[in-house]
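I opened the notebook to log what I looked up in this structure. Entries follow in the order I made them.

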Amino acid sequence: MKAVRNPLAYIAGRWTPHPRTVRRAATTALVMSVVIVVTGGAVRLTGSGLGCDTWPRCSDESLVATREMGLHGAIEFGNRMMAYVVSAATGWFIVAARAAKPRRRELTRLGWAQFWVIMSNGVLGGVTVLTELNPFIVAAHFLAAMALLTVTTVSWIRAREGDAAPRPLVGVPVRRAIVALTAASAALVTAGTAVTGSGKHAGDDSDIERMPFDWDTVTRVHSGLAWVVVLGTVALVVGLRLMDASSVTRARARDLLAVLLGQGVIGYTQYFLDEPEILVGLHILGATLVWIAALRLLLSVRDRGGPAPQAAADGSGGTAAEPRVPATA
């Protein structure tokens, strides 16, 4: 009966995952959150947004895509099925985090946060179809996917850290600069939805409503924000080097700069080539990598120590050792 009333507690009482298992579960959830953003972009770029013309069924007559719906139906339905794969990855992370010894309640809460974001975005995806790809709803659907990416990235980072009290690795002015840079990165990603929502890739070959913005204007705004983020990152990299800051923070700043430069090359190339689908798809992937790099930088300003040693690597349970306390100097 306990397995029915509280299956997670039942599993936790009989299985102690190795810390590597928890980290792998967090990695899987992160990777799948990137994949579903990219596959969602593929739906849009192939004009398959209304391949399934209703929700939650694929059509009025069928729950799944049929041969008559063609390739567009298969692509749209395949993307819908990806939500179940992402949910399975999140479920694995929730179970592994709950069963870990010593128990890490924050990881479990992050896992459930992933689950609820997935559920809410599934409903938002349905609204997207029912409103026939309203560009503002489509943009909200993308941003909700980025919210999932945020939670899975934080989970991935926290699974590799301990639970000691945060120890600052940089001074307050640097922390504030990094917070501002993260906010600018969020604005950059958000502005990208206006560029796509005003551009030619509406998600379907029919006459789909577009955002009422001038495409060249919003593209320039997006480009301006990109330059703000790039130049801010360059200044941060140089400043951290001159201050001899934490090597971890310096490395994360360099990572963000590298991803931004690659994303900038793709962005300008797609602009001058009139948005070829393959480059737009790569730019969508690049947006996820930029946001992951920005979050890694944001969380690199403090140290939480290493993860606690696992009590019983053979999965037999037991009492774990005390968490390792980070160095104070």
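Is Leu133 buried or exposed? I found Leu133 buried, with a relative accessible area of 6%. For the record, buried means under 20% relative accessible area, exposed over 50%, and partly exposed in between, with a 1.4 Å probe and protein chains only.

**Ground rules**

I am working on a predicted model, where local features need pLDDT of at least 70, side-chain atom pairs count only at pLDDT 80 or more, and totals for chains, interfaces and linings use all residues. Residues are numbered from 1 along each chain as its sequence is written, and side-chain values use heavy atoms, with hydrogens and water left out.

**Backbone entries**

I stayed with Leu133 and checked the backbone. Its phi is near 65 degrees, a positive value in a residue other than glycine. Leu133 sits in the loop between helix 5 and helix 6. I took helices (H or I, at least four residues) and strands (E, at least two) as DSSP runs, numbered from the N terminus.

Glu275 also came up. It has a positive phi of about 55 degrees although it is not a glycine. I placed Glu275 in the loop between helix 9 and helix 10. Glu275 is buried, at a relative accessible area of 8%.

Next I looked at omega. Trp55 and Pro56 are joined by a cis peptide bond, with omega about 10 degrees. Pro56 belongs to the loop between helix 3 and helix 4. The bond from Lys101 to Pro102 is cis as well, with omega near -5 degrees. Pro102 is in the loop between helix 4 and helix 5. I noted these entries because most residues other than glycine have a negative phi, and most peptide bonds are trans.

**Helix packing**

How do helix 3 and helix 6 pack, and at what angle? Helix 3 (residues 19-45) and helix 6 (residues 135-158) pack at about 165 degrees, with axes 8 Å apart. That makes helix 3 roughly antiparallel to helix 6. My axes are lines fitted to C-alpha atoms, for helices over the stretch in contact, and angles run from 0 to 180 degrees between N-to-C directions. Angles under 35 degrees count as roughly parallel, over 145 as roughly antiparallel, 65 to 115 as roughly perpendicular and the rest as oblique.

The crossing of helix 3 and helix 6 is left-handed. Left-handed means the near helix is turned anticlockwise from the far one by less than a right angle; clockwise would be right-handed. I listed the contact residues, with contact meaning heavy atoms within 4.5 Å. On helix 3 they include Ala26, Leu30, Val34 and Arg44. On helix 6 they include Val138, Phe142, Leu149 and Trp156. By class, I logged eleven nonpolar, five polar and one charged residues in this contact. Ala, Val, Leu, Ile, Met, Phe, Trp, Tyr, Cys and Pro count as nonpolar, Asp, Glu, Lys and Arg as charged, and the others, Gly among them, as polar.

I then turned to helix 5 (residues 105-130) against helix 6. They pack at about 165 degrees, with axes 9 Å apart. Helix 5 and helix 6 are therefore roughly antiparallel to each other. Their crossing is left-handed. The residues of this contact divide into 16 nonpolar, seven polar and two charged.

**Salt bridges**

How many salt bridges are there? I counted eleven, taking a side-chain nitrogen of Lys or Arg within 4 Å of a carboxyl oxygen of Asp or Glu.

Arg80 pairs with Glu76, the closest N and O atoms being 3.0 Å apart. The two are four residues apart in helix 4 (residues 70-99), so about one helical turn separates them. Both Arg80 and Glu76 are buried.

Asp303 bridges to Arg167, with the closest N and O atoms 3.5 Å apart. Asp303 lies in strand 2 (residues 302-303) and Arg167 in strand 1 (residues 167-168), so the pair ties together parts 136 residues apart in sequence. Asp303 is partly exposed at 22% relative accessibility. Arg167 is partly exposed at 24%.

Arg296 bridges to Asp255, at 3.9 Å between the closest N and O atoms. Arg296 is in helix 10 (residues 277-299) and Asp255 in helix 9 (residues 247-272), 41 residues apart. Arg296 is partly exposed at 26% relative accessibility, and Asp255 is partly exposed at 30% relative accessible area.

Last entry: salt bridges that share partners join Arg104, Glu106, Arg158, Glu161, Asp163 and Arg302 into one network.
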